[in-house]
Every structure is written in C-alpha cells, then in structure tokens.
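Hello,

Here is the structure I said I would pass on. My notes on it follow below.

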Amino acid sequence: MSLREHERRILAEIERQLSEEAPDLAGRLSAFGSDDPDAPLDPSLSGWRPWVACAVIAAVTAGLLVLLFVLTPSAPPPSPPEPAETTGTSEPADTPVAPAPVGMDPAGTMP
C-alpha cells in the first residue's frame, strides 16, 4: 500500500526528529527495514557456538535417558495362577445350600 505525499513528509519529519533526539533508538528501529528479516539481532548468535551448545544439551539428555532405562529394574513376570483345591464338590464347604422348592424332593425332582 503506497502512502500519499503528505503522509511521507510526516513520516520523514518524525524520523528526522527521532534520529536527533534518540540516535540509539533510531539505529535499532532502522534494523527493522533490513533486507534479511531472518537476520539475528545479536551477531554472536549467527556462529557455530549456539549449535554446539544445543548439541551438548541434546547429548546429555539422551545419555541420561539411556542411563535411566538401563538402571531401572524391570518388573518380574506375572506368576501363573495356582489351581484351586478340589474336594469332590464344586461348591465350597462354607456356602449354604438353598432349600428345595415346595413340592420337590432334595434331588430337584417331582415326587
């Protein structure tokens, strides 16, 4: 979007006043118009040192994870269930037996 001539003059006047009153701030704001928008603000971040620091942090983290998995004891395998004791009847001895319905003998047949 293009600016009108009047707006361009106003912006030029503001820029001139800013550079006179606060040259440090004007210098920082002029960096916003740089050709490379991905350029780091701090020139020391463009070298190899940040990458080395990231690699060291990643290696230490991976080493600690491997150490954690190696030193963590594993759970013992589950034991198979033991078979229940058989006493000749399928019902436990302490379970009460229900009385036979009226008109039937204890075997469950009609008289």
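**Helix packing and surface**

The axes of helix 1 (residues 5-21) and helix 2 (residues 23-30) come within 5 Å and cross at roughly 130°. Axes here are lines fitted to C-alpha atoms, for helices over the stretch in contact, with angles running from 0 to 180 degrees between N-to-C directions. The two helices are therefore oblique to each other (under 35 degrees is roughly parallel, over 145 roughly antiparallel, 65 to 115 roughly perpendicular, and the rest oblique). L18, S19, E20 and E21 of helix 1 are in contact (heavy atoms within 4.5 Å) with P23, L25, A26 and L29 of helix 2.

This is a predicted model, where local features need pLDDT of at least 70, side-chain atom pairs count only at pLDDT 80 or more, and totals for chains, interfaces and linings use all residues. Residues are numbered from 1 along each chain as its sequence is written, and side-chain values use heavy atoms, leaving out hydrogens and water.

The chain has 3 helices and 0 strands, in the order α-α-α. Helices are DSSP runs of H or I with at least four residues, strands runs of E with at least two, numbered from the N terminus.

Of the 111 residues, 1% are buried (under 20% relative accessible area; exposed is over 50%, partly exposed in between; 1.4 Å probe, protein chains only).

L67 lies in helix 3 (residues 49-71) and counts as partly exposed because its relative accessibility is 45%.

Regards
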